[in-house]
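Please open the model in a viewer and keep the selection tool at hand.

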Amino acid sequence: VPTPVASLTPTPLPTPFPQNPEAAVGLLPLPPDQLNILLLGSDARPWNRVFRTDVIILLTLNPSKGVVSMTSFPRDLWVTIPGVGANRINTAWQNGGFNQIAATFEHNFGVKPSHYVLINFSSFKTIVDSLGGLDVNVGQTVSDHRAGRYVTIKQGRQYMDADLVLWYVRTRKTTSDFARNRRQQEIIIAIFEKMLSMNAIKRAPEFYQIYKDNVTTSLSLTNMLPLLPLAASLTDGSQINNYYVKGKMVTSWVTPGGAQVLLPNRDRIINVLKKAMVGQR
């Protein structure tokens, strides 16, 4: 639900007016063997079937080039949702599921994801528990309230159990959505490294069962098996390329309804995606 911001004056409107749909950018040329997968985290609760995808990461895999990239998108990015109109990118799923969010990516950024992995809070904790917790390379010290007390996670390698991991990827009152996007990627890398340490590649069918029981996905074991050599070629998470839609790629704006959103600079975001497609640092 948009938060009223009566005290703020909307910034001058860009052209075209951001309440109206913008034209599609056209598909970017991609390598033939490239796979683009949306990693989505939902705010779904057991009593509510309508949810938003507050974690949105495009995972790019290019086996022939040995490229693995992650690109994070802020949840408040104001985009054109085909057939619906202008809205936050995190509302695309509730307007038509994966097909709608894939079409939204294609329309606004020129990349159409072919698969998705969707997980909610509870299932995310189950997966982290199944791995025995995570050792996370914390990029920046973060302090915030947790369960009635003030908690600080210091920069550096830190062990976290499932409850702390969930708090770490969600907290933002003392930081920002951009910082939260960085922390989300840190956790995904920690999961990957923990699975490497548990010889998950050779135990793929066993780990796939845990995965299948806890996520909603279009990826089958058959889809995943050809990707195992690429995973095996990575010795640690430092070989995964990290990209983000950052502050310089967006403009803060308050809608006529009072919602605080981020207007994308399409050209800058597409330039980031082009780098992610080839793993350019």
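Select F124 to begin: leaving aside residues up to four places away in sequence, F124 touches I119, V165, L166, V169, I187 and I191, where contact means heavy atoms within 4.5 Å. This is a predicted model, in which local features need pLDDT of at least 70 and side-chain atom pairs count only at pLDDT 80 or more, while totals for chains, interfaces and linings use all residues. Residues are numbered from 1 along each chain as its sequence is written, and side-chain values use heavy atoms, with hydrogens and water left out.

Now select R75. Its side chain meets that of D54 in a salt bridge (3.1 Å, N to O), the term for a side-chain nitrogen of Lys or Arg within 4 Å of a carboxyl oxygen of Asp or Glu. R75 is buried, at 13% relative accessible area, and D54 is buried at 16%. The side chains of D177 and R75 also meet in a salt bridge (3.3 Å, N to O); D177 is buried, at 14%.

Finally, select R157 and E193, a salt bridge with its closest N and O atoms 3.9 Å apart. R157 is partly exposed at 49% relative accessibility, whereas E193 is buried at 19%.

Methods. Buried means under 20% relative accessible area, exposed over 50%, partly exposed in between (1.4 Å probe, protein chains only).
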